[in-house]
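Open the model in your viewer and keep the selection panel at hand. This tour says what to select next and what is there.

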Amino acid sequence: MGKPNLLKTQPPFTDRATQLSRHSTPYRDPLARIHWERLSEHAFWLPEQAVSLYGIEQYDALPLDVRKRLSHYEFARFLSAGVWLESLFLQRLARAALKGPRATRIYHLHELREEAGHSLMFLEFFERTDLDTAVLDAPFDPWLTALGRRLPFHSTLFWSAILLGEEIPDRLNRYVRLHAQGVCPVPVEICALHSTDEARHIAYGREVLRHRLEQAGSLTRILLGRALNTLLHRFVTTFYYPPQSLYIHAGLPAGPWAARAATHPARQQFVAHCLGPTVARLRGLGLTVSWP
């Protein structure tokens, strides 16, 4: 009996993993690439159009320094959500790097190094601010946390969730990069560095999901589309709609700020604009995903 053809037993995305691993070399520590001395609390940390209350009458009436302070808390909360999500992914990647084809193991190790670098970059950012970290460390979606810990690593739903978890915040990263005028340069640098690495992670996630879907039946695709709509709403809430406590910590007067953001057309249009490419790509894979 001859030896099995190892090339035929390799998943088709191993070539993609090898290609992306090459682009991850040499590794450059993001902590050493940020010009931390340019961090300023006198500038917006998000483009004002990306602030959750932008366009709401009560927000427009706030003093400029309060609006800037809100952008500080919203950007920091965005990074804190990134630390939470990456911590879940790091746990799963660490296990995956112990077995499987060598190409995917190598790629997962590159991802581990890059995701850990992102979290270190975010935590260093927090160290350099005077923000109240209590609101930044508030618990995130417990349902998504449980799902991230328990779904089988090689399942279609797991990779669908990973892809959404990478794509949805990356759309805001890209928005900040493209609308950087008037924004403090340090948050812009953070978003740019994060987005560069995430482009590779997203490309790999799409490749894995495409392979999984090629083997899936029509019923599986329908059920997966429904599950993705639920995941999409939860991820969007996490990354684009701050909790009420954040507005109070940012120094806004008492008022239903979170409810205003959740129901205001300007915010809904902004989120839809950010999510457009993600939804289109998932539909291109034959999944019935929609927003809102």
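Helices (H or I, at least four residues) are DSSP runs, numbered from the N terminus, and the expected span of a helix is 1.5 Å times one less than its number of residues. This is a predicted model: local features need pLDDT of at least 70, side-chain atom pairs count only at pLDDT 80 or more, and totals for chains, interfaces and linings use all residues. Residues are numbered from 1 along each chain as its sequence is written, and side-chain values use heavy atoms, without hydrogens and water.

Color by pLDDT, the predictor's confidence in each residue, from 0 to 100. The chain mean is 91, and 96% of residues reach 70 or more. Helix 1 (residues 6-9) is lowest, at a mean of 46, while helix 12 (residues 257-263) is highest, at 97.

Select helix 10, residues 218-240. Its 23 residues reach 32 Å from first C-alpha to last, close to the expected 33 Å. Its buried residues (under 20% relative accessible area, 1.4 Å probe, protein chains only) include Leu228, Phe235 and Tyr240. Among the elements covering them are helix 4 (64-96) and helix 13 (265-284).

Now pick Tyr240. Leaving aside neighbors within four places in sequence, its contacts (heavy atoms within 4.5 Å) include Ser52, Arg171, Phe270 and Cys274.

Move to Cys274. Cys274 is buried, at 4% relative accessibility. The structure holds zero disulfides.

Methods: Helices (H or I, at least four residues) and strands (E, at least two) are DSSP runs, numbered from the N terminus. Buried means under 20% relative accessible area, exposed over 50%, partly exposed in between (1.4 Å probe, protein chains only). A disulfide is a pair of cysteine sulfur atoms within 2.5 Å.
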